[in-house]
Amino acid sequence: MTSLTQDGRVPFLNNGGVKRLLIGGQWVEAISGETFDSINPATGKVIATLAKGGAADIDSAVEAARLAFEGPWSKWTPFDRQNLLLKIADLIERDFEELSLIETMDMGAPVSRTSLFKRWLLQAFRFYAAQAVNIRGETLENSFPGSFMSYTVKDPVGVVGCIIPWNGPLISQLWSICPTLATGCTLVLKPAQEASLSSLRLAEIMLEAGVPAGVINVVTGGGQTAGSALAAHPDVDKIAFTGSTETGRKIVEASAVNMKKVAVELGGKSPDIIFEDADLDLAVPGAAMGCFGNSGQVCYAGTRLFVQRSIHDAFVEKLAAFTATLRVGDSLKPETQLGPLVSKAQLETVAGYVELAQQEGARIAFGGERLGGALADGFYFAPTVLAGVSNTMRVAQEEIFGPVISIIPFDDEEEVIGLANAIEYGLGGAVWTRDVGRAHRVSRAIKAGIVWVNCYGVTDPSTSYGGTKLSGYGSKGGFRHIEDYLYSKTVWIRTA
Ligand code: NAD
């Protein structure tokens with residue numbers, strides 16, 4: 001495998017030294033002096049050593065963010081903030097290849113995937129640049145025309161804490177960085193320990209673009225330490241959390257300390273429904289990649305695949321045959337479609353679920369094992385098709401977060417709607433059919449934050465996504481997202 005740290009395309013990693021925390025515009029060591037290593041999941045090798053921030057570093061970062069919030073940044077006009085967002089987009093365009101390679105080496109997603117994030121990053125910064133100059137209150141009619149006038153103004157909520165997972169930090173962080181900059185808030189970002197490097201490189205770019213000291217702070221470190229300190233900090237006004245439902249609960253509890261505004265984007269176990277009239281040339285690869293993309297480490301992955309009984313056996317065969325064509329391997333090769341799982345722990349979790357599935361009575365139609373040979377040093381697991389699954393099995397109810405799809409047969413529309421919704425989560429879902437009426441009925445009936453018809457996983461910064469039920473609340477992207485970073489104040493004025 002090419003060693004990227006030697007080929008000059010990733011100067012950020014070639015620099016060596018400990019990757020430090022960004023606090024108040026300065027790159028600093030953790031107060032404790034502690035560090036941790038980042039491991040490339042494709043090789044099992046250490047690619048960088050990072051400062052391990054803790055509660056004391058979070059305190060300094062929140063203090064810096066508060067100071068910045070109340071300082072000259074508060075006088076920036078919407079047009080100033082718009083220009084800043086546009087400048088960052090331009091610098092990302094210049095340095096994108098490096099960001100994509102860092103993400104690939106840090107968390108394992110192949111370059112064929114991380115290179116697609118370019119559109120995302122650029123569109124997100126440019127979309128929020130437009131939002132920056134589109135913040136507005138309302139004039140409100142009242143009972144005293146001529147005597148009183150009433151209207152609302154929108155102000156930034158203040159210091160935002162953002163905690164993100166490892167499965168795609170280059171994108172996850174955008175949903176707090178962009179609205180923070182568009183509204184005039186300030187931010188303390190705590191990435192996941194497994195994948196923090198792209199956040200640090202993006203922070204460098206933002207400083208170069210002119211983000212003032214303290215407006216964006218990045219504290220790398222553990223969840224139980226830095227993460228929980230941020231979630232419980234009394235001077236943080238809002239928390240934007242993306243991660244597991246289990247941690248999300250703790251975030252909500254911690255928020256009570258000062259009644260923070262909270263958005264929690266959590267786990268999923270999304271239904272993907274194939275009716276007998278579906279275009280199978282679309283549905284087979286669509287359903288496979290709707291689950292296996294990013295090696296199944298996607299919150300809205302379509303992991304429960306409901307297939308109408310009349311086409312079930314043929315579909316299982318076609319899906320297994322398609323899965324066999326997927327190129328799993330070296331994340332850095334452009335032709336690779338699926339890379340490794342993020343860590344050894346994640347690999348063990350996935351392997352454990354596949355074993356459990358068999359104990360529960362499921363059959364492996366494809367995959368089902370760790371990949372060895374040239375891939376033995378990395379954390380690779382074969383994309384796995386499980387047939388003979390019932391919706392009540394643990395493998396069909398619990399989030400695996402790996403490349404494992406469970407196929408469940410159904411007979412009719414009413415039954416499948418019941419099965420699709422018989423789950424604690426409510427994040428995504430899809431329906432494949434040529435019947436337009438059925439497409440409307442079923443997409444409406446699925447209880448989820450986002451539903452696709454005859455496609456899976458299409459998203460854009462201008463459209464929102466979020467969850468319901470145990471998948472959380474508060475959605476990301478779209479025109480209304482920026483409201484979460486503002487609060488509305490009503491003003492009454494005596495006019496006579
Ligand atoms: P996780 O909950 O273990 O960790 C997420 C983040 O929270 C990390 O930064 C971690 O360090 C931090 N953390 C852990 N314990 C904490 C605590 N007690 N207090 C504060 N912070 C803490 O999740 P993960 O394993 O990193 O990510 C996978 C999960 O994220 C999956 O459940 C996936 O579905 C979910 N996810 C959801 C979305 C969405 O938009 N709904 C998107 C991506 C991932």
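Predicted model: local features only at pLDDT ≥ 70, side-chain atom pairs only at ≥ 80, totals over all residues.
**Stop 1: two packed helices**

How are α11 and α12 oriented to each other? Color residues 280–292 for α11 and residues 309–324 for α12. The two helices pack at an angle of about 60°, and their axes are 10 Å apart. Angles of 65 to 115 degrees count as roughly perpendicular, and those under 35 as roughly parallel. α11 and α12 are therefore oblique to each other. The crossing of α11 past α12 is right-handed.

Now show side chains where the helices meet. On α11, pick Leu280, Ala283, Val284, Pro285, Ala288, Met289 and Phe292. On α12, pick Ile311, Phe315, Lys318, Leu319, Phe322 and Thr323. These residues make the contact. Why does such spacing turn up along a helix? An α-helix has 3.6 residues a turn, so residues three or four places apart point the same way.

**Stop 2: the annotated glutamate**

Next, select Glu265. UniProt lists Glu265 under "active site", in an unreviewed entry. Glu265 sits in strand β12, which covers residues 261–265. Is Glu265 buried or exposed? Its relative accessibility is 6%, so Glu265 counts as buried.

Bring up its surroundings. Leaving aside neighbours within four places in sequence, Glu265 is in contact with Phe241, Thr242 and Gly243, among others. Further along the chain, its contacts include Tyr465, Gly466, Gly467, Ser471, Tyr473, Gly474, Ser475 and Lys476.

**Stop 3: a covered helix**

Move to helix α7, residues 174–183. How many of its residues are buried? The count is 10 of 10, and the helix is mostly covered. Click through them: Trp175, Ile177, Cys178 and Pro179 are among the buried residues. Then step just past the helix to Gly184. There, Gly184 takes a positive phi of about 95°.

**Stop 4: the cysteines**

Select the cysteine sulfurs. How many disulfides are there? The count comes to zero. A disulfide needs the two sulfur atoms within 2.5 Å. Cys185 has 0% relative accessibility, so Cys185 counts as buried. Cys455 is in no disulfide either, and the nearest cysteine sulfur, that of Cys299, lies 16 Å away. At 25% relative accessibility, Cys455 counts as partly exposed.

**Stop 5: the annotated domain**

Finally, select residues 27–491. The unreviewed UniProt entry annotates them as "domain: Aldehyde dehydrogenase". The C-alpha atoms at the ends of this span lie 42 Å apart. The span is 39% helix and 19% strand.

Key. Residues numbered from 1 in each chain as written. Heavy atoms only, no water. Buried < 20%, exposed > 50% of the residue type's maximum accessible area, 1.4 Å probe, protein only. UniProt positions renumbered as here; feature names shortened; annotations may be inferred. Helix = DSSP H or I, 4+ residues; strand = E, 2+ residues; numbered from the N terminus. Axes fitted to C-alpha atoms, helices over the stretch in contact; angles between N-to-C directions. Parallel < 35°, antiparallel > 145°, perpendicular 65-115°, else oblique. Left-handed = near helix turned anticlockwise from the far one by under 90°. Contact = heavy atoms within 4.5 Å.
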